[in-house]
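Colleague: I am new to reading protein models. Could you walk me through this one, feature by feature?

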Amino acid sequence: MNEVAIQELIELATARLFELQLYDGSNGSYRRLAFHPISGFYSKKSETYYRVGLMDEFSRHYQEIFHSGNISRKALRWRL
């Protein structure tokens, strides 16, 4: 299996969203509320490449934060 850098995936997703001609605010929201947390999580873990296990950990992390009442359901959905 080929390794793909998480930043490359984020850039591809951002380009696809741009192609959908979403409102600029929507594109900014995706970058800020969805992609930035993923990028930061990977950076904190000193990881460069997409890993299923790491994305599972990311998901569990934000689900725990949600269940503890520290983020809203809407924020959780953006992260996931």
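Colleague: Let me start with two residues: are E19 and R16 buried or exposed?

Modeller: Good place to begin! First, a word on what you are looking at: this is a predicted model, in which local features need pLDDT of at least 70 and side-chain atom pairs count only at pLDDT 80 or more, while totals for chains, interfaces and linings use all residues. Residues are numbered from 1 along each chain as its sequence is written, and side-chain values use heavy atoms, with hydrogens and water left out. Now the terms: buried means under 20% relative accessible area, exposed means over 50%, and partly exposed is in between, using a 1.4 Å probe and protein chains only. E19 is exposed, and R16 is exposed as well. For E19 the relative accessibility is 53%.

Colleague: Where does E19 lie?

Modeller: E19 lies in helix α1, which covers residues 6-19. Helices here are DSSP runs of H or I with at least four residues, strands are runs of E with at least two, and both are numbered from the N terminus.

Colleague: And which side chain does E19 meet in a salt bridge?

Modeller: The general idea is this: a salt bridge is a side-chain nitrogen of Lys or Arg within 4 Å of a carboxyl oxygen of Asp or Glu. In this model, the side chain of E19 meets that of R16, at 3.5 Å from N to O. An α-helix has 3.6 residues a turn, so residues three or four places apart point the same way. E19 and R16 are 3 residues apart in helix α1, which means about one helical turn separates them.

Colleague: How many salt bridges does the structure hold?

Modeller: There are 4 salt bridges. One of them joins R51 and E3, 3.1 Å apart from N to O. This pair links distant parts of the chain, 48 residues apart: R51 sits in the loop between α2 and α3, and E3 in the segment before α1. R51 is partly exposed at 31% relative accessibility, and E3 is also partly exposed, at 49%. Salt bridges link E3, E47 and R51 in a network.

Colleague: What does K45 form with E57?

Modeller: K45 and E57 form a salt bridge, with their closest N and O atoms 2.5 Å apart. K45 lies in the loop between α2 and α3 while E57 lies in helix α3, so the pair ties together parts that are 12 residues apart in sequence. K45 is partly exposed at 36% relative accessibility, as is E57 at 28%.

Colleague: Let's turn to helix α3. How far apart are its end C-alpha atoms?

Modeller: The expected span of a helix is 1.5 Å times one less than its number of residues. Helix α3 has 16 residues, 52-67, so it should span 22 Å; its end C-alpha atoms are 22 Å apart, which agrees.

Colleague: Which residues of α3 are buried?

Modeller: They are L54, M55, F58, S59, Y62 and F66.

Colleague: What do the buried residues of α3 pack against?

Modeller: They pack against α2 (24-44) and α4 (73-79), where contact means heavy atoms within 4.5 Å.

Colleague: How many aromatic pairs are there, and how do I read one?

Modeller: A pair of aromatic rings is described by the distance of the centres and the angle of the planes. Rings of Phe, Tyr and Trp (its six-membered ring) pair if their centres lie within 6.5 Å; planes under 30 degrees apart are stacked, over 60 edge-to-face, and the rest tilted. The count here is 4 aromatic pairs. Among them, F41 and F58 are edge-to-face, with 5.2 Å centre to centre and 75° between the planes. F41 is in helix α2 and F58 in helix α3, so this pair ties together parts that are 17 residues apart in sequence. F41 is buried at 10% relative accessibility, and F58 is buried at 1%. Ring pairs also link Y30, F35 and W78 into a cluster.
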